[in-house]
Amino acid sequence: MKKALITGITGQDGSYLAELLLDKGYEVHGVMRRSSVRTTSRIDGLLKEGRVTLHNGDLTDSSSLIRVIGEVRPDEIYNLAAQSHVGVSFDAAEYTSEVDAVGVLRILEAVRILGLGACCRIYQASTSELYGKVVTAPQNEETPFHPYSPYAVAKQYGFWIVKEYREAYGMFAVNGILFNHESERRGSEFVTRKITLAASRIANGLQDHLELGNLDSLRDWGYAKDYVECMWLMMQQAEPDDYVVATGVQHSVRDFTNWAFEEAGISLKWEGMGAEEKGFDACTGKMLVCVSDAFYRPTDVVNLWGDPTKARTRLGWDPDKTSCRELCKIMMAHDMELARNEKNAGA
Ligand code: NAP
Ligand code: F7E
């Protein structure tokens with residue numbers, strides 16, 4: 001039986017990947033950091049059934065990584081742990097670098113020091129944020145990087161150190177350059193989930209309005225459940241390589257907002273421009289969406305659009321499985337249920 005170790009197992013992707021690997025017959029271990037509150041809600045079902053083993057560890061602490069990797073001796077490591085919020089990386093730039101840049105080095109070094117370099121494969125969660133201030137679209141594996149936030153700069157180090165260890169030491173280490181992927185398990189501070197939660201709560205009379213930042217920002221949004229399948233495929237190849245994972249279709253934050261409200265039975269009518277733009281309920285005229293400076297970033301990445309040709313042709317991965325519109329529907333079905341439960345609990 002193959003053994004996998006997932007860092008970031010309590011996160012959105014970690015939880016889906018754990019489920020996928022268990023379905024494929026893996027023994028699944030996860031690295032979890034200490035917190036004063038419970039952080040296992042996404043994997044509580046798996047824990048209750050005793051299907052995954054958790055180990056204390058932190059990407060900022062080499063000794064914990066050497067200990068856990070040495071104890072588990074995994075066939076595959078999926079490094080998903082990160083300070084993953086781009087906006088937060090401007091406020092905690094040094095910490096973000098420690099986790100998202102040096103943390104990757106710590107894992108590679110732990111594997112090398114333990115003498116597992118020849119038998120343990122490593123997946124690194126790289127990101128479309130590396131393209132940053134883009135000059136061409138769509139972006140593929142050949143597109144130059146121009147990271148445009150402390151998060152992206154840290155992830156760029158992670159990307160290159162993985163390539164370096166692959167070339168210097170012959171390690172099987174790969175980068176998945178994943179474009180935005182969302183789900184009903186997405187953290188509430190990312191824009192899609194913030195929108196689906198707010199649209200659901202507004203429709204149920206639990207929230208007055210929604211404040212957003214840049215409505216014109218363009219993203220290539222896919223479904224996280226589909227994307228973890230591609231991570232696994234990259235790790236099963238004869239040779240290590242880096243792949244873009246995307247749907248190949250781009251939408252704006254405004255598009256996603258329209259769809260979410262539509263799913264809640266509300267049609268939005270937009271008026272004004274830039275910071276003055278507002279979304280009104282087309283039936284009642286009530287203002288439901290407005291723009292706030294608080295959600296703008298010092299530098300923002302505004303034109304991400306992935307070309308998944310390499311993943312499709314070489315890995316046989318299907319980028320068309322879940323469209324962004326379908327993804328919004330899935331998230332809204334989940335969040336409308338949450339809002340109804342919240343409403344009933346308060347009644
Ligand atoms: P997420 O939901 O924010 O999960 C991040 C995970 O990392 C959580 O389990 C978190 O633990 C853990 N973590 C954070 N700091 C840590 C530390 N110092 N030591 C150990 N664990 C730590 O992120 P996600 O959306 O699943 O993304 C997974 C990975 O893919 C991340 O590396 C992210 O940067 C990258 N990525 C994501 C996307 C996307 O669109 N989702 C796209 C490209 C790349 P807690 O539960 O304790 O917070
Ligand atoms: O922002 C704009 C914001 O925070 C998307 C991470 O998983 O994907 C994610 O990073 C866009 C940006 O995701 C709000 O300015 C407008 O242009 O959902 P987001 P992100 O920054 O793209 C990449 C690939 C990763 O690697 C990251 O780990 O939406 N936006 N209004 C807003 N964003 C947020 N969060 N909140 C708003 O109110």
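**Entry 1: strand E1**

I looked up strand E1 (residues 3-7) and found 4 of its 5 residues buried, so the strand is mostly covered. Buried means under 20% relative accessible area with a 1.4 Å probe, protein chains only. Strands are DSSP runs (E, at least two residues), as are helices (H or I, at least four), numbered from the N terminus.

The model is predicted, and local features need pLDDT of at least 70. Residues are numbered from 1 along each chain as its sequence is written.

**Entry 2: partners of E1**

I checked what lies beside E1. It pairs with strand E2 (residues 27-32) in the parallel sense over 5 bridges; two strands pair if DSSP finds at least two bridges between them. Ala4 stands opposite Val28 in E2. From E1 the chain passes through helix H1 (residues 12-23) to E2, a right-handed β-α-β crossover. Right-handed means that, with the strands pointing away from the viewer, the path from the first strand over the helix to the second runs clockwise.

Strand E4 (residues 76-79) also runs parallel to E1, joined by 4 bridges. Here Leu5 stands opposite Ile77.

**Entry 3: the second largest pocket**

I noted a volume of about 160 Å³ for this pocket. A pocket is an open set of points on a 1 Å grid where a 1.4 Å probe fits, with protein on both sides within 12 Å along at least five of seven lines; lining residues have an atom within 4 Å of a point. The volume is the space filled by probe spheres set on the points.

Among the lining residues are Glu141, Phe159, Trp160 and Lys310. Helix H6 (residues 150-169) gives the largest share, 3 residues.

Methods
Chains are lettered from A and ligands numbered from 1 in the order in which they are written. This is a predicted model: local features need pLDDT of at least 70, side-chain atom pairs count only at pLDDT 80 or more; totals for chains, interfaces and linings use all residues. Side-chain values use heavy atoms; hydrogens and water are left out. Buried means under 20% relative accessible area, exposed over 50%, partly exposed in between (1.4 Å probe, protein chains only).
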